[in-house]
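Open the model in your viewer and keep the selection tool ready. We will go stop by stop.

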Amino acid sequence: SHFVKKVAISFPDSEKYFPKGKTVLTGNPIRHDITLGNHIEALKKFGLSPGLPVVLCFGGSQGAARLNDAMVYVIDKNIKQPRLQIIHVTGEKHYGGFRQLLENKGIDVEKSGHIILRPYIYEMQDAYAASDLVISRAGAISISEITACGKPAILIPLPTAADNHQDYNACFLKNNGAAEIISDDKLSGENLLKAIESIVYDKKRLMRMATASQRLGNPEALEKILSEIKIIVK
């Protein structure tokens, strides 16, 4: 950072770690189409109803075993008397085991009509568009996508992340009113369901968090970075 002309940062709090006057807040570049989903069309694609809130849960491209374990409880509590609709992405290596856990409890998600279970989702723009609340780890790209889409979040930072950077990412959203945090060691199905219900059934809180999330988003991060490069190379 002492030798470059500019440092592009994702969070305002990062500025203090770099030489004064060199930073520019750009955010992380994300796929442009991630923000282009349409809520009603996305619900139709997933076969979900506009009458119940939708929770999107994922643990990154590889999935997250502890998050999957907690979601078994959440799905079990919503399978017979649905108050929530759920899109849960297990990660490919966890998919078979997760389905087996549900089958052991007599849960057939295919017949539910309100639980969508996938090993991986390619159409993430539709998943974000359909959702009212997102549950995920707190990696930089996930944070960038969640805020670019203006979604409230429940974040479970990965405890093994280098220098606890996911904790800092999650705290940035929480401190700005866009997310709630459950630490990995406190994660359980009961705690997760309680957190979900405290947000999705409080429409005013849900709206406040969505507005805060959108305010933090940088959907034009790529354009900002390219603009800075053009200034430097002139």
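Select Lys203, Lys204, Met207, Arg208, Gln214 and Arg215. These exposed residues sit on the face of α8 turned away from its buried side. Exposed means over 50% relative accessible area, buried under 20%, with a 1.4 Å probe and protein chains only. The model is predicted: local features need pLDDT of at least 70, side-chain atom pairs count only at pLDDT 80 or more, and totals for chains, interfaces and linings use all residues. Residues are numbered from 1 along each chain as its sequence is written, and side-chain values use heavy atoms, leaving out hydrogens and water.

Now show the whole helix, residues 203-216. Helices are DSSP runs of H or I with at least four residues, strands runs of E with at least two, numbered from the N terminus. From first C-alpha to last, the 14 residues of α8 reach 20 Å, close to the 20 Å expected at 1.5 Å a residue. That expected span is 1.5 Å times one less than the number of residues.

Next, pick Arg205, Leu206, Met209, Ala210, Ala212, Ser213 and Leu216, which are buried in α8. Look down the axis of α8: its buried residues fall within an arc of 165°, so they line one face. The arc uses directions from the helix axis to the C-beta atoms.

What covers them? Among the elements over the buried residues of α8 are α5 (140-148), α6 (165-175) and α7 (189-200). Strands β7 (153-155) and β8 (179-181) are also included.

The structure holds 0 disulfides, a disulfide being two cysteine sulfur atoms within 2.5 Å. The sulfur of cysteine 149 is 16 Å from that of cysteine 57, too far for a bond. Cysteine 57 is buried at 0% relative accessible area, and cysteine 149 is buried at 19%.

Conventions: Contact = heavy atoms within 4.5 Å.
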